[in-house]
Amino acid sequence: MSWQERLRELGERLTAREITTNEYRTMSEEILAEADAEADTPPSEKSKVHIPVSAAWEAPSGEMTQIVGTQDKTTVVNASIAEKLEEDDSSAT
């Protein structure tokens, strides 16, 4: 059971008046302390990605960098919509 589930259940017990506010505070602090201690443990070696030492000294190459596209699809708008609407309104009257 995760610490979030344990806190949720503890909150439910408090609202059901199965425990007192002081008991809730004590138990929730213990749960959060355990969760904090678990978060401080270092990740295992299996979960680490191996990066060769030489990679830090090499310049990026085509094999290291992925180029997705070189086409620029930017649209330039010369007049704002507000200006266009003002022109349409003035020509309509």
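Buried here means under 20% relative accessible area, exposed over 50%, and partly exposed in between (1.4 Å probe, protein chains only). This is a predicted model, where local features need pLDDT of at least 70, side-chain atom pairs count only at pLDDT 80 or more, and totals for chains, interfaces and linings use all residues. Residues are numbered from 1 along each chain as its sequence is written, and side-chain values use heavy atoms, leaving out hydrogens and water.

Let's start with the salt bridges (a side-chain nitrogen of Lys or Arg within 4 Å of a carboxyl oxygen of Asp or Glu). The structure has three of them:

| Pair | N to O distance |
|---|---|
| Arg6 and Glu34 | 2.9 Å |
| Arg8 and Glu12 | 2.7 Å |
| Arg13 and Glu18 | 3.6 Å |

Arg6 sits in helix α1 and Glu34 in helix α2, 28 residues apart, so this pair ties together distant parts of the chain. Arg8 and Glu12 are about one helical turn apart, because they lie four residues from each other in helix α1.

Now for Ser28, which belongs to helix α2 (residues 21-39). With 10% relative accessibility, Ser28 is buried. Its side chain comes to 3.0 Å from the backbone oxygen of Arg25. Beyond its neighbours within four places in sequence, Ser28 touches Leu7 and Leu10, contact meaning heavy atoms within 4.5 Å.

Most residues other than glycine have a negative phi. Arg17, though not a glycine, has a positive phi of about 60 degrees. Arg17 is in the loop between α1 (3-15) and α2, and is exposed at 78%.

Technical notes. Helices (H or I, at least four residues) and strands (E, at least two) are DSSP runs, numbered from the N terminus. A polar contact is a pair of N or O atoms within 3.5 Å; within protein, one must be able to donate a hydrogen and the other to accept it, and residues adjacent in sequence count only if both atoms are side-chain atoms.
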